[in-house]
Amino acid sequence: MFEISFKEIVTVSMVLFAVIDIIGSIPVIVDLRSKVGHIHSEKASIVAMFIMITFLFVGEELLHLIGIDVNSFAVAGSFVLFFLALEMILGIRLYRDEEAKTASIVPIAFPLIAGAGTMTTLLSLKSQFHTINIIIAILLNIILVYAVLKSSSKIEKMLGITGLGIIRKVFGVVLLAIAVKLFAANVKGLFV
């Protein structure tokens with residue numbers, strides 16, 4: 001649990017960055033900001049971090065309570081990541097929650113940042129990486145999320161629609177490769 005590995009931190013950080021897709025969510029954030037006014041970046045970031053870390057520790061027990069093993073959840077997670085990656089690469093929308101009327105906590109902290117894809121990913125990652133490295137990666141991503149929430153309108157102007165699209169597609173391909181790797185690593189455990 002306490003084996004800190006720079007390589008693991010970088011890998012998990014990239015996976016979470018791709019799943020959270022905070023850069024790709026800038027248009028949604030800008031739209032929400034125009035509808036509801038001010039978004040509390042600090043509150044949204046802290047709540048999202050709390051949700052992710054809590055689920056990292058109690059998610060597995062929750063699964064055992066309902067009779068699902070981690071390998072099954074990881075394989076299911078690989079499918080979720082696969083479809084998220086397809087959305088990012090192809091620019092299609094397979095699923096989105098209905099639009100909320102408030103911001104900060106819902107829909108920014110949950111489900112935009114700490115949504116179903118993130119939760120599934122965390123438990124899938126827990127089956128392959130040390131918990132301390134996942135926590136550090138969560139913290140790094142939350143710092144980035146906070147920075148993006150604070151300066152979303154500046155980032156949107158700087159990157160433009162084309163720049164945001166390119167970043168989204170690149171991370172979609174990375175996410176697709178990670179989904180395949182997660183599936184391959186955990187599918188064997190289903191038949192043991």
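Me: Which hand does the crossing of helix 3 and helix 5 have?
Reply: In this predicted model, the crossing of helix 3 and helix 5 is right-handed. The axes of helix 3 (residues 41–65) and helix 5 (residues 105–113) come within 9 Å and cross at roughly 35 degrees.

Me: And which residues meet there, helix 3 against helix 5?
Reply: Helix 3 brings Lys43, Ala44, Val47, Ala48, Ile51 and Met52, and these meet Ile105, Ile108, Ala109, Phe110 and Ile113 of helix 5. Sorted by class, that contact has 10 nonpolar residues, no polar ones and one charged one.

Me: Met52 is in there. What else does methionine 52 touch, leaving aside neighbours within four places in sequence?
Reply: Methionine 52 is in contact with Ile20, Ile113, Ala114, Thr118, Leu122, Ile138 and Ile142.

Me: OK, the core. Which residues of the largest nonpolar core touch the most other members?
Reply: Leu16, Ile22, Met52, Ile113, Ile134 and Ile138 do, out of 47 residues in that core. Helices 1, 2, 3, 4, 5, 6, 7 and 8 each give two or more residues to this core.

Me: Which helix gives the largest share?
Reply: Helix 7, with eight residues.

Me: New topic: helix 6. How many of its residues are buried?
Reply: Nine of the 11 residues in helix 6 (residues 116–126) are buried, so helix 6 is mostly covered, buried being under 20% relative accessible area. Among the buried residues are Gly117, Met119, Leu123 and Ser124.

Me: What do the buried residues of helix 6 pack against?
Reply: They pack against helix 1 (6–20), helix 3, helix 4 (70–90), helix 5, helix 7 (131–150) and helix 8.

Me: How do helix 6 and helix 7 run, roughly parallel or roughly antiparallel?
Reply: Their axes come within 10 Å and cross at roughly 150 degrees. Angles over 145 degrees count as roughly antiparallel, which means helix 6 is roughly antiparallel to helix 7. The crossing of helix 6 and helix 7 is right-handed.

Me: And which residues meet between helix 6 and helix 7?
Reply: Leu122, Leu125 and Lys126 in helix 6 meet Thr131, Ile134 and Ile138 in helix 7. By class, that contact has four nonpolar residues, one polar and one charged.

Me: Last one, glycine 165. Where does it lie?
Reply: Glycine 165 lies in helix 8 (residues 152–187).

Me: Why is glycine 165 called partly exposed?
Reply: Because its relative accessible area is 26%, and partly exposed runs between the 20% limit for buried and the 50% limit for exposed.

Me: What separates it from threonine 11?
Reply: The C-alpha atoms of glycine 165 and threonine 11 are separated by 22 Å, and the two residues are 154 residues apart along the chain.

Note on methods. Residues are numbered from 1 along each chain as its sequence is written. This is a predicted model: local features need pLDDT of at least 70, side-chain atom pairs count only at pLDDT 80 or more; totals for chains, interfaces and linings use all residues. Side-chain values use heavy atoms; hydrogens and water are left out. Helices (H or I, at least four residues) and strands (E, at least two) are DSSP runs, numbered from the N terminus. Buried means under 20% relative accessible area, exposed over 50%, partly exposed in between (1.4 Å probe, protein chains only). Axes are lines fitted to C-alpha atoms, for helices over the stretch in contact, and angles run from 0 to 180 degrees between N-to-C directions. A crossing is left-handed if the near helix is turned anticlockwise from the far one by less than a right angle, and right-handed if clockwise. Contact means heavy atoms within 4.5 Å. Ala, Val, Leu, Ile, Met, Phe, Trp, Tyr, Cys and Pro count as nonpolar, Asp, Glu, Lys and Arg as charged, and the others, Gly among them, as polar. Angles under 35 degrees count as roughly parallel, over 145 as roughly antiparallel, 65 to 115 as roughly perpendicular and the rest as oblique. A nonpolar core is a set of buried Ala, Val, Leu, Ile, Met, Phe, Trp, Tyr and Cys residues joined through side-chain atoms within 4.5 Å.
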